[in-house]
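Please look at the sequence and the structure that follow.

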Amino acid sequence: MHAVTYRYSALERVVFGQSAASAIISEVDRIGRRRVFVVTSRSVALSAPFKKIVEALGERRVGVYSEVTAHGPRECVISGSAAARLAEPDLLLAIGGGSVIDAAKLMLLCLRHDIAKVDGLDAYRGFPAADSSVRPADESRWLRLIAIPTTLSAAEFTWFGGAYDAERRVKDPYGHPMMVPQAIILDPAATLATPLLLFLSTGMKAVDHAAERLASLSVEPLTEALATQALRLLSRGLPEVLKNPADLDARLDCQKGMAIAMVGPSAGVGVGASHAIGHVLGGHSGVSHGHTSCILLPPVMAWNRVANDDRQKLISEALGRPDVDAGTALSELVRRLGLPQRLRDVGVRREEFPAIAEKVLHDFAIRGNPRPVTVTAQVMEILDLAW
């Protein structure tokens, strides 16, 4: 008998398909907040959707920090926290992709514990033993967050986030039950200013979330059902967005698929080597997480096939390609979207493989891989397949 426990986080609401400018006012009023500090990146801050949302906030907006850069460097987290501290907000609002949302989540940690220097984050690095469904005794002292994502990375659905340590060239995880957003607003119009290839590549990250969990040996019925539907929605929606970037229905299909793919963590269903290697490539080689999923997911499926072939057949079926193996079906989708397929295409050098492989063994996600990965030689095999 396989024991399963579902853990529901402090995320209260996910709003689909409503104008973000109106939804944010409804959510701010619902939770009784009046001083909103906005976290974003320079590129998003220049976009029309961002300006519309900020304009809707009116006097509720008490400040904007728009300096978050790729992979959310720890320095951005600290400087953003300092700016927020001066503004004295009662709510943070993150508008952007995964780096922006992760940075905002870590800013909550900094504001709660008065962390004012980069090395102050060291004590909180890694995953605590806390249960994400248990509210801490100091819950009332935590500032909360609302997220309006502009990509499909799904960072907003987790109670942990990553921050890049430039000195060690590692993106470390940090987690706390109160770091998960209080509400998420999924408005397809908010994604219109996102570069098309970025939207599509983060869509493959959402595919990765669903595929690795559907292929997991510890999967259970709810995760299996929703991961399957997520793959159907994403494999249908992403090509439609490529064909017609203005298609809001297709973009909403992608957002729905991205969201339901994230039920797995609530049931304790982990990801595997694609995520683990992707985490490392982000920090070590500067490769975006969307691209790492495009490149790694097919070869990881091929390498794992001896351990979970039956489960991989479910992926092929969900993608509408039951006649081919999962790795091939996923590779076809990446090629159809015009996204990178090889490590060499994104500037990763073969001589870096040993250092990358060593870091992968220490990444939390590798423990969930269906075929055990215990030595660097095994990681090197996957990297060779992806080269």
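Which side chain meets that of R74 in a salt bridge? The partner is D165, with 3.8 Å from N to O. A salt bridge here is a side-chain nitrogen of Lys or Arg within 4 Å of a carboxyl oxygen of Asp or Glu. The model is a predicted one, in which local features need pLDDT of at least 70 and side-chain atom pairs count only at pLDDT 80 or more, while totals for chains, interfaces and linings use all residues. Residues are numbered from 1 along each chain as its sequence is written, and side-chain values use heavy atoms, with hydrogens and water left out.

The pair of R74 and D165 links distant parts of the chain, for R74 belongs to helix α4 and D165 to strand β6, 91 residues apart. Helices (H or I, at least four residues) and strands (E, at least two) are DSSP runs, numbered from the N terminus. R74 is buried at a relative accessible area of 6%, and D165 is buried at 8%. In these terms, buried means under 20% relative accessible area, exposed means over 50%, and partly exposed lies in between (1.4 Å probe, protein chains only). 

The count of salt bridges comes to 27. Side chains of opposite charge can pair when their charged atoms come close. Another bridge brings together D29 and R34, at 3.5 Å from N to O. D29 is partly exposed at 38% relative accessibility, and R34 is partly exposed at 48%.

The next topic is the nonpolar interior. In soluble globular proteins, nonpolar side chains tend to be buried together. The largest nonpolar core in this model has 40 residues, and those with the most contacts inside it are F157, M204, V207, L231, L238 and I315. Such a core is a set of buried Ala, Val, Leu, Ile, Met, Phe, Trp, Tyr and Cys residues joined through side-chain atoms within 4.5 Å. At least two residues of this core come from each of β8 (183–186), α6 (196–214), α7 (221–243), α8 (248–260), α10 (289–318) and α11 (326–336). Helix α6 gives the most, with eight residues. L196 is also placed in helix α6 and is partly exposed, at a relative accessible area of 27%. The C-alpha atoms of L196 and L242 are 7.5 Å apart, although 46 residues separate the two along the chain.

Aromatic rings form a further group of contacts. A pair of aromatic rings is described by the distance of the centres and the angle of the planes. Rings of Phe, Tyr and Trp (its six-membered ring) pair if their centres lie within 6.5 Å; planes under 30 degrees apart count as stacked, over 60 as edge-to-face and the rest as tilted. By this rule there are three aromatic pairs. The ring centres of W159 and F160 are 5.7 Å apart and the planes stand at 80°, so this pair is edge-to-face. W159 is buried at 16% relative accessible area, whereas F160 is partly exposed at 22%. F353 and W387 also pair edge-to-face, at 5.9 Å centre to centre and 80° between the planes. Because F353 lies in helix α12 (residues 353–360) and W387 in the segment after α13 (376–386), the pair ties together parts that are 34 residues apart in sequence. F353 is buried, with a relative accessible area of 2%. Ring pairs also link W159, F160 and F364 into a cluster.

Charges meet rings as well. The charged end of R371 sits over the ring of W303, 3.7 Å from its centre, and R251 lies over the face of F199, at 4.7 Å from the ring centre. A charge sits over a ring if NZ of Lys or CZ of Arg is within 6 Å of the ring centre and within 35 degrees of the ring normal.

Finally, the backbone has positive phi values in residues other than glycine. Phi of H71 is near 70°; H71 belongs to the loop between β3 (61–65) and α4 (74–87) and counts as buried at 13% relative accessibility. Phi of R169 is near 55°; R169 lies in the loop between β6 (160–165) and β7 (170–175) and is partly exposed at 36%.
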